Structures are given as C-alpha cells and as structure tokens.
Amino acid sequence: TEAIGLYNLGQSCCLNSLLQVFLMNIRFTRILRRITVPSSPAQRRKNVPYQMLLLLEKMQCGKCKAVSPTDLACCLSEHRVKLFVQHDAAQLFLTLWNLLKKQMKKPELVEELSDLYTICIQEHLACQKCSFEVKSNSTMLTLPLPVLDANSHRLKTLEDCLQYFFHPEELTGQNMCFCQQCGRKTTFLQSMKLVHLPQTLTLHLKRFCFERSSRTHKLSHHLPFPQELDLREVLTESQCQADDSEKATWQYELFAVVAHSGSSSCGHYCAYVRRLTDCKWYCFNDSEVCQVSWDDVKCTYGHSNLCWRETAYLLFYMKKHPQ
C-alpha cells in the first residue's frame, strides 16, 4: 500500500537504498516469495533471501512509516558485510546479489534471478596483422559505463556513455597481445558486443575515479539519462551479437535511480523509485519517504559546480515488453 522507509542503523543509507530498489521490483519479490525456508533458527538467521523476505513482509504488514532492517543487517555481517562503514553502492549491489543467488536453493529460482538481472557480453579480440580472432562470452550484473573518454573529455549523455563502452579499442604498445598465428605480440582490436539483456538492466555510472595521487575523485558533471531507452537505437549492428527477436525486447523504461550526494570520502545515498503499481516516483531517503516528480529525479543529472549535491550513480531500467 504505502511506500515504507527504512531506519538508518548508522551509515546504512547505501544498504537501505539498494534494499528499496530490490523490494520495489515486483519481479524480484515474486522470486523471493518462493524461496525454501531454512529448517533451523540458526540457518534462518544467516539466510539472506529469508531475512530479506521477512523485511518485505514487515514493510507490507506494518502500520509504521518506517521499519528497521536490523535482522537483515546482522545476517549480512555474518557474511563479512561490514556494518557502520561507508559502502560503494555498485560493490554492495554485487555482494547482495551474489549472496541471494548463492543461498537460493531451488535451481529454477537461481535461473529466474539470473534472467532478471544478468547481462551477457561477447568479447572479441582480433589480430590486426593476420586473421587470428578470439571470442569469449561473459556475464555481468551491471554495465560499468565511463563518464569520461580516453582523453578525459566529459561524455554528455547516457547514450554517449553506452556507445563509448561498446566502441572498439586498439591494443598497442604495452597492451599488445600474443598472437598464436603470428607467434609474437601484435596489435589487437578489442571490442565488446551485446548478446543478451535482462528484464532489469543495471547501469553503473563510474562517477568515482582515481587520480595520480591515489585519491578518489568524484565526477559530478551534468549527464542526463532518459526515461525511455531503446538499445536498438543507441548501438550499431556491429556492437550487437543478437538476433532480431532478442533485440525486439531491448526497449526499457527507467525504474529506479540510486543517487549519491557528498564527496568520495564522505557521502550519503538515497533511492528514487517508480512504483510499478501506480507509476509514481518516490524518494526513499532512509526513514523519510515522499512522492516526487520527474523533475525531482532529473536533479540527479549532476552539476559540476555543486559536487556535494545528489548525482545519479546506479540506473535501473525495466523492459517495456518482457518476453
């Protein structure tokens, strides 16, 4: 019914934001509701899917405006997820997903979870001296999109970031690869091709970069992202390794934004989520939840002169026409 907040346990804003994105995704909660309940109390305390399910039921059944994720946080600490420290949202998202996948005992649920979030990429390495070529498929949970190009120039839109990620790169100098056919190191052309996209597509804007001084610097420049994203229009034929029926499903609508405010060393996370039942946007800022407009979400595009303001860090898109 109402959107429910989560109390901050002490620097748990990153965890709270990611939990809201997980639990507001109806396709994810359908999987979560079908898990096998561990038999013993000790197993239940250490089972991340089960503790997440208990939190979901607590949020849906309670009459409070916010609930505490204490039991889930304690469960995560059993799996070496530190409490009371600042987390990186992209890393914590991967950690949570891996724990969920590892502890879901039913193979069909593991497969559904993978279908919901996993991206399939094909990497091509082609020798520029002969015809030798290597192809390998790999899966990713997020697409890590650079927001700067190789010359440190700012990429201007999300579509630019996607095109740059899939743009072929020539491996020369120290980056040359050994060619089995030539028998020596040669220049290779490295390219990524998109094979399969999941129901929920997660894009990681690489806003944090290392400077030469080994300090992490936050890139806060303006970078707009659309409400609707059609990957068929963004990528070229050479950047895709998929048939027409697969590409026909590559139309997405923005579902959620995890935004970061502050600096790389001291910051805060919140989540903007479009609730699927009424298609209205809500801001989840720990225990505070309020309805917002698309203009409010657009404030996370970034601003170079206001580095401490909210800046989109993770974007979650949902298929408009799932198979």
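A: Arginine 80 sits in the loop between α5 (70-78) and α6 (89-103); helices here are DSSP runs of H or I with at least four residues, strands are runs of E with at least two, and both are numbered from the N terminus. This is a predicted model, where local features need pLDDT of at least 70, side-chain atom pairs count only at pLDDT 80 or more, and totals for chains, interfaces and linings use all residues. Residues are numbered from 1 along each chain as its sequence is written, and side-chain values use heavy atoms, with hydrogens and water left out.

Q: What's the phi of arginine 80?
A: Near 65°, a positive value in a residue that isn't glycine. Most residues other than glycine have a negative phi.

Q: And is arginine 80 buried or exposed?
A: Exposed, because its relative accessibility is 80%. The cut-offs are under 20% relative accessible area for buried, over 50% for exposed and partly exposed in between, with a 1.4 Å probe and protein chains only.

Q: Where is serine 152?
A: In the loop between β5 (143-146) and α8 (158-165). Serine 152 also has a positive phi, about 65°, and it is exposed at 54% relative accessible area.

Q: Switching to strands: how many residues of β10 are buried?
A: Six of the seven in β10 (residues 200-206), so that strand is mostly covered.

Q: Which way do β5 and β10 pair?
A: Parallel, over four bridges; strands count as paired if DSSP finds at least two bridges between them. Proline 146 has lysine 206 in β10 as its bridge partner.

Q: How many bridges join β10 to β18?
A: Five, and those two run antiparallel, with β18 covering residues 311-319. Leucine 201 is bridged to tyrosine 317 in β18.

Q: Is cysteine 283 buried or exposed?
A: Buried, with a relative accessible area of 9%.
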